[in-house]
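Subject: Structure handover

Hello,

Here is the structure for you to look through. Please open it first, then read my notes beside it.

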Amino acid sequence: SGLSQEVGSVEQLSLHCAEGSLEWLYPTGALRLRLAPRLPPTTAAVKGGSPRHVTACIKPSGTFRGAQLYLEREGVLELLLPEAPRPRARCFSWLPQEKVALFLQATPHADISRRIAAFRYELRGDWLARPALPAASLSTEGACRPCNDTEILMAICTSDFVIRGSIRSVSNDAELQESIIGVSAARIHRQKFPLFQAARWPGRPVGSIRTPLRCGVKPGPGTFLFTGWLHFGEAWLSCAPRYRDFQRIYEGAQRTRQNPCEFPMD
C-alpha cells in the first residue's frame, strides 16, 4: 500500500518466483522490483556456447491505474505499461549477467483512493522452444514458422499440453492481436492443467489455443497434434503438425533411435 510509504520514496523489492502477481494500492512514490528468478541448472550458459536468455512477461489487470511501469536495463528506462494500458502481455528477455528491474512509478492524482496498479508476471529461463507470444519487445522471429522435425519431437516431450484433435473454429481479436483456435480433442496425451474439458453434451473435450494474429492461422480439415505452453492460464501454440506427418517423423526417429522420449502411438 502506498499509504505506508513516505512521500517520494522508492520501495525496493525482489521477484524470485517463476510466476506471481503484484497489487499496489493507492500508488505513491515508486517501487523498484529487481528480477532475480531462481533458474534451474539447465538455464545456465552452455559450456563453450553462448549464454541463454532469461524471459519475463507482464500482464496488467483490466483496472491498472495510478502508475506507469518501466523496464530498467543497465540504468536505462523503457516504458512497458502506460497508465490504463490494454490488458495484453508484454515480454522481454535479457542475458543472465545483465542487471534488469521493473520501475513502477506512481502518476500524480489528487484522489489516489480509487487507483490500484496490479499485474501478473512470469519469469523463466529460455522460453523452452520458440516463444509464440504477441510480445512487442521480445523477438518472435520464427513464431509463425512451421516446426522442423527436431522441434516437433522435442515439443511432444516438453510441452505443457499435447492434444490430438481437429480445428472447430478460428476467431481473431484485433485489439489483443491474437487468433483463438477452437479445438475438438480426439485424445489428450498430456495437459498440465485442465485446458480441455468435456462439453455439457456428450462428445469430445473442447478447448481453445492462442497464437499471434500475424501468423494468419486458418481453419482447415484433418487431424493435428497440437503442442504448446501455458501462458497466464491460457494455452499458446508451439508446434501443430498434421498427425499423419507426426507419425512419419516419430517412426523414422524410432528406427534410428533418435526419439528423445517415448510417445504412445495408435
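**Helix α2 and what covers it**

In α2, the buried residues are Y243, F246, I249, Y250, G252 and A253. Keep in mind that this is a predicted model.

What covers these buried residues of α2? The cover includes α1 (149–158), β10 (161–173) and β14 (224–231).

Helix α2 itself spans residues 243–255, which makes 13 residues. From first C-alpha to last, α2 reaches 18 Å, close to the 18 Å expected at 1.5 Å a residue.

**Where the two helices meet**

Find α1 and α2 together. Their axes are 10 Å apart, and the packing angle is about 90 degrees. Angles of 65 to 115 degrees count as roughly perpendicular. The two helices, α1 and α2, are therefore roughly perpendicular to each other.

Which residues make the contact? From α1 come D149, I152, L153 and I156. They meet F246, I249, Y250 and A253 of α2. Sorted by class, the contact of α1 with α2 holds seven nonpolar residues, one charged residue and no polar ones.

Now follow the chain past α2. R257 lies in the segment after this helix. R257 is not a glycine, yet its phi is positive, at about 55 degrees. Is R257 buried or exposed? R257 is exposed, with a relative accessible area of 77%.

A84 is another case. A84 also has a positive phi of about 55 degrees although it is not a glycine. Look for A84 in the loop between β6 (76–81) and β7. A84 is partly exposed, and its relative accessible area is 40%.

β14 is part of the cover over α2. What does β14 pair with? Its partner here is strand β15 (residues 234–237), joined by four bridges and running antiparallel. Together β14 and β15 form a hairpin, with two residues between them. In the turn, F232 has a positive phi of about 50 degrees.

**The four-stranded sheet**

Next, an open sheet of four strands. Its order is β2-β9-β4-β7, and the pairing is antiparallel. β2 (19–25) and β7 (90–94) stand at the edges. Each has a single partner strand, so one side of each is left without a neighbour in the sheet. From one strand to the next, the twist averages 20 degrees.

How many bridges join β2 to β9? There are seven, between β2 and strand β9 (residues 116–124), and the two run antiparallel. Start from G20: its bridge partner in β9 is Y121.

**F119 in strand β9**

Stay in β9 and find F119. F119 is buried, because its relative accessible area is 2% and buried means under 20%.

What does F119 touch? Leaving aside neighbours within four places in sequence, its contacts include S21, L22, L33, I58 and K59. P60, S61, F64, L102 and L104 are also in contact with F119. F119 and S61 are 58 residues apart along the chain, but their C-alpha atoms are separated by 5.3 Å.

**The five-stranded sheet**

There is also an open sheet of five strands. The order is β1-β3-β8-β5-β6, with mixed pairing. Here β1 (10–15) and β6 stand at the edges. Each has a single partner strand, so one side of each lacks a neighbour in the sheet. Direction ignored, neighbouring strands are turned by 25 degrees against each other on average.

Inside this sheet, look at strand β5 (residues 67–73) and strand β8 (residues 100–106). They pair in the antiparallel sense over seven bridges. For E72, the bridge partner in β8 is A101.

**The whole chain**

Last, step back. The protein chain has two helices and 15 strands. Of its 266 residues, 43% are buried. Take the contacts with a separation of 6 or more: residues 24 or more positions apart account for 66% of them.

Best wishes

Key:
Residues are numbered from 1 along each chain as its sequence is written. This is a predicted model: local features need pLDDT of at least 70, side-chain atom pairs count only at pLDDT 80 or more; totals for chains, interfaces and linings use all residues. Side-chain values use heavy atoms; hydrogens and water are left out. Two strands pair if DSSP finds at least two bridges between them. Axes are lines fitted to C-alpha atoms, for helices over the stretch in contact, and angles run from 0 to 180 degrees between N-to-C directions. The expected span of a helix is 1.5 Å times one less than its number of residues. Buried means under 20% relative accessible area, exposed over 50%, partly exposed in between (1.4 Å probe, protein chains only). Contact means heavy atoms within 4.5 Å. Angles under 35 degrees count as roughly parallel, over 145 as roughly antiparallel, 65 to 115 as roughly perpendicular and the rest as oblique. Ala, Val, Leu, Ile, Met, Phe, Trp, Tyr, Cys and Pro count as nonpolar, Asp, Glu, Lys and Arg as charged, and the others, Gly among them, as polar.
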